[in-house]
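Student: I have a model open and would like to learn how its local features should be read. Could we go through them one at a time?

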Amino acid sequence: MKKHNYSAGPCILPQEVFQKSADAILDFNSSGLSLLEISHRSKDFVAVMDEARDLALELLDLKGKGYQALFLHGGASLEFLMVPYNLMKVNGKAAYFDTGTWASAAIKEAKLFGEINVVASSKDENYSYIPKGFTVPNDVDYFHCTSNNTIFGTQIKEFPNVSVPMVCDMSSDIFSRVLDFSKFDIIYAGAQKNMGPAGTTLVVVKEEILGKSGREIPSMLDYEKHIKAESMFNTPAVFPVYASLLTLQWLKNMGGIAAVEKLNQAKANLLYAEIDRNPYFKGVVKVEDRSNMNVVFLLENEEHTTLFDSMWKAAGISGLPGHRSVGGYRASMYNALPIESVQVLVDVMKDFESKI
Ligand SMILES: *Cc1c(COP(=O)(O)O)cnc(C)c1O
């Protein structure tokens with residue numbers, strides 16, 4: 001039986017993506033060859049890469065606006081250093097917004113390249129809210145933020161208006177909600193949270209911001225080289241890119257980001273309403289900053305852990321335990337998680353209440 005998968009990443013993908021990926025592994029495009037054994041330079045795979053890059057821009061409404069989409073290696077974590085390598089001038093400065101573990105990991109890497117100005121941080125309260133009302137200086141090379149805090153369950157609802165290039169790590173909420181994506185100059189996301197299997201990273205770059213750092217950049221870390229090579233500078237992650245394309249096609253067929261955003265909102269409303277109603281559970285983050293992707297909650301009384309754990313497991317739920325730095329539970333509700341799975345969890349929570 002298929003489980004209700006709340007894993008934070010790698011995570012649930014649409015069932016049809018699993019099916020079509022499996023088909024392609026056995027026989028890709030009726031070619032008599034597996035997707036895993038063809039050249040990345042073959043006509044069929046070049047078409048996959050081209051369509052994936054094009055569709056990513058189309059879904060983000062960035063086509064024809066000076067952006068390029070790349071599928072790179074190294075995860076979001078490699079972007080933590082590719083961004084300063086490409087954007088920060090020698091002896092330069094950058095501004096960072098510290099809203100969680102991943103944001104602070106990005107800061108750590110960027111410090112190797114120049115002066116980092118942390119414009120705001122919620123570390124003082126274990127990243128349980130999104131700081132507001134800060135200013136981003138005009139004399140920095142770029143501003144970096146993290147749209148969704150995967151671990152603590154906060155999400156930036158309003159992005160600041162800045163006069164410098166804005167870079168955003170959208171690993172855990174890309175393609176989940178409508179934003180004015182043209183506000184950003186670089187968007188990056190490890191595939192494995194909302195787009196595909198682990199092994200590739202989507203990077204969307206506004207071309208005009210590149211080539212200004214004055215640094216000599218190693219080829220594999222140079223966005224301009226990857227753009228010129230149409231994301232085939234070296235062998236790309238053939239299978240993850242293909243499976244990502246299938247997810248993007250699924251998203252387009254269901255009506256794009258606007259359609260999935262409605263479903264994501266309905267799922268989040270359903271679960272948060274139960275957390276707030278049920279006296280045996282509590283949320284951990286400031287209500288206005290709650291993430292619609294990663295819902296973090298605790299039991300009021302930890303002594304009930306064994307009972308609750310046995311109940312959700314018996315209901316076919318998987319991947320619910322929280323990150324070790326927060327404890328409790330984390331329900332990751334990415335695009336492909338059906339609302340029926342959320343209802344199963346809510347029913348377990350109600351059932352739990354009646355058993356205590
Ligand atoms: C998971 C995650 C990362 C790390 O991604 P990798 O692809 O494993 O490097 C970075 N940022 C955010 C917001 C994440 O959720």
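This is a predicted model: local features need pLDDT of at least 70, side-chain atom pairs count only at pLDDT 80 or more; totals for chains, interfaces and linings use all residues.

Student: Let us begin with the ligand, then. How many residues surround the ligand, and which are the closest?

Tutor: One starts with the shell of residues whose heavy atoms lie within 4 Å of the molecule. Here 13 residues surround the ligand, and the closest are S77, T150, D169, Q192 and K193. Sorted by class, this shell has 3 nonpolar, 8 polar and 2 charged residues.

Student: Which element gives the most to the shell around the ligand?

Tutor: That is helix α3, residues 75–87, which gives 4 residues. A76 has its place in this helix, and A76 counts as buried because its relative accessible area is 14%, with the limit for that word set at under 20%.

Student: Next, the aromatic rings. How many aromatic pairs does the structure hold, and why does the pair of F281 and F297 count as edge-to-face?

Tutor: The structure holds 16 aromatic pairs. In the pair you name, the ring centres of F281 and F297 are 5.8 Å apart and the planes meet at 70 degrees, so the pair is edge-to-face, given that planes over 60 degrees apart are put in that class. This pair links distant parts of the chain, since F281 belongs to strand β11 (residues 281–283) and F297 to strand β12 (residues 294–299), 16 residues apart. Both F281 and F297 are buried.

Student: Which residues do ring pairs link into a cluster?

Tutor: The cluster joined by ring pairs is made of Y280, F281, F297, F308, Y329 and F352. A ring can also have a charge over it, and here the charged end of K313 sits over the ring of W312, at 5.4 Å from the ring centre.

Student: What is the phi of S30, and what is the phi of F175?

Tutor: S30, although not a glycine, has a positive phi of about 55 degrees, and F175, also a residue other than glycine, has a phi near 65 degrees.

Student: Where do they lie, and is each buried or exposed?

Tutor: S30 is in the loop between α1 and α2 (43–59), and it counts as exposed because its relative accessibility is 69%. F175 is found in the loop between β8 (166–169) and β9 (186–190), and with a relative accessible area of 1% F175 is buried.

Student: Finally, how far apart in space are S332 and N294, and how far apart are Y223 and G255?

Tutor: Here one sets the separation along the chain beside the C-alpha to C-alpha distance. S332 and N294 are 38 residues apart in sequence and 4.3 Å apart in space; S332 is in strand β14 (residues 329–332) and is buried, at 0% relative accessibility. For Y223 and G255, 32 residues apart along the chain, the C-alpha atoms are separated by 31 Å. Y223 has its place in helix α5 (residues 223–228), and at 0% relative accessibility Y223 also counts as buried.

Note on methods
Residues are numbered from 1 along each chain as its sequence is written. Side-chain values use heavy atoms; hydrogens and water are left out. Rings of Phe, Tyr and Trp (its six-membered ring) pair if their centres lie within 6.5 Å; planes under 30 degrees apart count as stacked, over 60 as edge-to-face and the rest as tilted. Helices (H or I, at least four residues) and strands (E, at least two) are DSSP runs, numbered from the N terminus. Buried means under 20% relative accessible area, exposed over 50%, partly exposed in between (1.4 Å probe, protein chains only). A charge sits over a ring if NZ of Lys or CZ of Arg is within 6 Å of the ring centre and within 35 degrees of the ring normal. Ala, Val, Leu, Ile, Met, Phe, Trp, Tyr, Cys and Pro count as nonpolar, Asp, Glu, Lys and Arg as charged, and the others, Gly among them, as polar.
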